[in-house]
Amino acid sequence: MSLLRLYTRALELLGKEARLGAILAGANVLLAGAQFAEPVLFGRIVDVLSGKDTSSAWLLLAAWAAFGLFTITASTAVALHADRLAHRQRQAVLTDYFEHVLQLPLTFHSGSHSGKLMKVMLAGTDGLWRLWLGFFREHFAAIMSVVVLLPLSLIINWRLAILLFLLCVVFTVLTTLVVRKTYGMQSEVEQHYSDLSARASDALGNVALVQSFVRIDAEVQGLRLVSSQLLAVQMPVLSWWAVVTVITRASTTITVLAIFTTGIALNQAGLTTVGEIVMFVSFATILIQKLEQVVSFINNLFMEAPRLQEFFNVLDAVPAVHDRPDAIEVGRLQGLVEFHDVTFSYDGKRPAVEDLSFTALPGQTIALVGPTGAGKSTAIALLHRAFDPQSGFIRIDGMDVRGLTLTSLRRNIGVVFQEALLFDRSIADNMHVGKPDATDEEMKEAAARAQALEFIERSGRGFDTNVGERGRMLSGGERQRLSIARALLKNPPILILDEATSALDAVTEAKVNAALDEVMRGRTTFVIAHRLSTIRNATRILLFDNGRVIESGTFDELVAKSGRFAELARAQFMVQNERGSAMQPDGSTAVLKV
Ligand code: ADP
């Protein structure tokens with residue numbers, strides 16, 4: 001994206017505030033015009049005073065005072081409104097970005113570190129805020145001043161005006177050269193800044209790992225390395241802009257001197273008055289000040305450009321699925337789920353799920369088993385429309401899921417993630433995610449059914465206890481039971497269960513299993529299954545391999561078939577059984593690792 005396009009895009013983001021923006025810009029044009037009255041009046045007063053009749057000087061002074069008053073009042077009003085507008089709009093854009101990012105597909109998030117997304121959000125909105133503020137308070141006025149001043153000076157004295165034109169040319173050529181020279185370098189700097197944020201938040205998010213593996217020095221060293229790479233690219237950019245400052249200062253002094261020397265020569269030849277020379281020196285001073293503002297604006301824009309570019313890149317990423325215009329809002333569904341010849345590919349070449357067909361009646365449990373990468377998670381993701389299939393369809397209660405609004409579809413589906421995902425908020429807040437208007441009684445009941453009440457009541461502040469970042473203050477088993485309680489509160493007809501593979505101690509595992517059995521009861525459940533008890537009791541087992549279901553049936557049917565599943569089951573459970581592992585007589589604690 002070119003600098004100009006970035007700038008116009010930044011202004012487009014003013015959205016609803018654009019009207020006020022246009023008024024402020026208009027006020028700036030007036031201000032720019034009014035500013036020139038001062039040197040013109042100054043020059044005229046000098047000429048009047050050096051003549052015989054000085055009476056009109058008072059009139060000129062009165063006009064000067066009026067213009068001064070107008071300029072002060074108008075610029076205060078513009079500055080105040082510009083400030084407020086920029087602050088308001090910054091918060092509005094930040095919220096929009098946040099909402100947009102939350103809607104982006106999980107594939108986007110797995111490819112972008114959350115620390116980087118945070119940095120892009122804060123740096124991007126900061127950059128926009130500075131640009132808007134600059135636009136209303138300085139840039140536009142400065143640009144307009146230059147545009148007004150140059151033709152005006154030509155009318156007054158074209159010989160002296162040429163010097164001002166030359167000054168403008170020097171500024172423009174220099175700035176263009178430096179921008180061209182350093183544009184790529186600045187993008188690289190921004191890239192390093194993003195790496196820095198991602199790296200730092202990665203280490204902070206894994207602080208337990210960092211400490212236990214004695215990685216503090218290594219992580220600090222890593223951060224230092226990124227910092228030094230960043231500085232190595234930043235320094236030449238700063239040097240180039242320092243060169244611009246030196247040359248522009250020098251050309252400023254040269255221009256003022258040139259106006260004086262040319263002015264004296266012209267005055268002696270009778271081609272200009274002393275007043276005009278004074279006027280042009282003032283013009284030069286204003287012009288220089290404005291040109292410096294324009295250069296600093298270009299410099300700022302240039303420094304912000306990569307940040308804005310990153311920000312716009314995220315804003316331009318599209319959510320994988322949208323509500324259709326004719327999507328219907330459904331209430332509570334029964335939970336009859338049909339997959340019909342469903343095929344989906346992430347890259348458009350190799351299918352992650354191919355020709356998947358099965359039906360789950362309300363209340364049935366479907367276990368999805370198979371090796372890693374076989375397509376189990378993808379099949380489940382299609383059900384709650386993380387993506388839409390390229391061919392085939394998925395129906396719930398006879399309705400294509402693409403015809404339902406995303407919110408009403410997802411309200412009917414509960415998910416218990418393998419890694420219990422918890423907010424750094426209180427236990428009650430985390431449970432309210434399942435049902436925002438849940439009463440204390442309902443929460444208590446759900447917690448009890450999920451075997452979580454005991455540990456909640458034991459913790460200092462009960463339901464008000466904070467669980468820490470990602471639930472760090474709780475043990476693994478507690479986190480899982482809390483996330484099960486949350487799903488119980490939501491009480492959806494369809495449940496997705498990604499069973500944890502990590503082995504828990506026998507007592508905890510028994511509690512988690514009891515909670516899981518409770519949450520699955522009476523719901524159509526899809527389980528990415530690792531526990532033998534789930535597989536044993538499942539209505540149907542789908543054995544995935546390479547995106548296809550290669551065997552399906554009940555546990556007993558599949559074992560009797562003596563196919564791949566029987567082989568796997570024998571290899572996994574029977575071995576565990578023989579080893580006399582923690583398996584119960586009903587096999588409930590065995591973990592199937594396929
Ligand atoms: P499983 O849940 O059985 O481990 P997945 O559904 O995660 O399998 O993966 C199925 C296939 O799709 C694999 O080949 C995997 O590499 C690919 N895949 C999974 N997620 C993504 C993704 N976000 N982007 C691209 N490919 C993916």
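Biologist: What's the shell around the ligand like by class?
Modeller: That shell has four nonpolar, six polar and two charged residues. Nonpolar is Ala, Val, Leu, Ile, Met, Phe, Trp, Tyr, Cys and Pro, charged is Asp, Glu, Lys and Arg, and the others, Gly among them, are polar. This is a predicted model: local features need pLDDT of at least 70, side-chain atom pairs need 80 or more, and totals for chains, interfaces and linings use all residues. Residues are numbered from 1 along each chain as its sequence is written, and side-chain values use heavy atoms, without hydrogens and water.

Biologist: Which residues surround the ligand?
Modeller: Among them are Thr-107, Tyr-346, Arg-350, Pro-371 and Thr-378.

Biologist: And which element gives the largest share of that shell?
Modeller: Helix α10 (residues 376–383), with three residues; helices are DSSP runs of H or I, at least four residues, numbered from the N terminus.

Biologist: How far is the Lys-376 side chain from a ligand oxygen?
Modeller: An N or O atom of that side chain sits 2.9 Å from a ligand oxygen. Backbone polar atoms also come in, at 2.7 Å for Gly-373 and 3.1 Å for Ala-374.

Biologist: How much of the ligand does the protein cover?
Modeller: 65% of the 560 Å² of accessible area the ligand has on its own, by the Shrake-Rupley method with a 1.4 Å probe.

Biologist: Switching topic: which element gives the largest share of the second largest pocket's lining?
Modeller: α6, with seven residues.

Methods: Near = heavy atom within 4 Å. Polar contact = N/O pair within 3.5 Å; in protein donor to acceptor, adjacent residues only side chain to side chain. Helix = DSSP H or I, 4+ residues; strand = E, 2+ residues; numbered from the N terminus.
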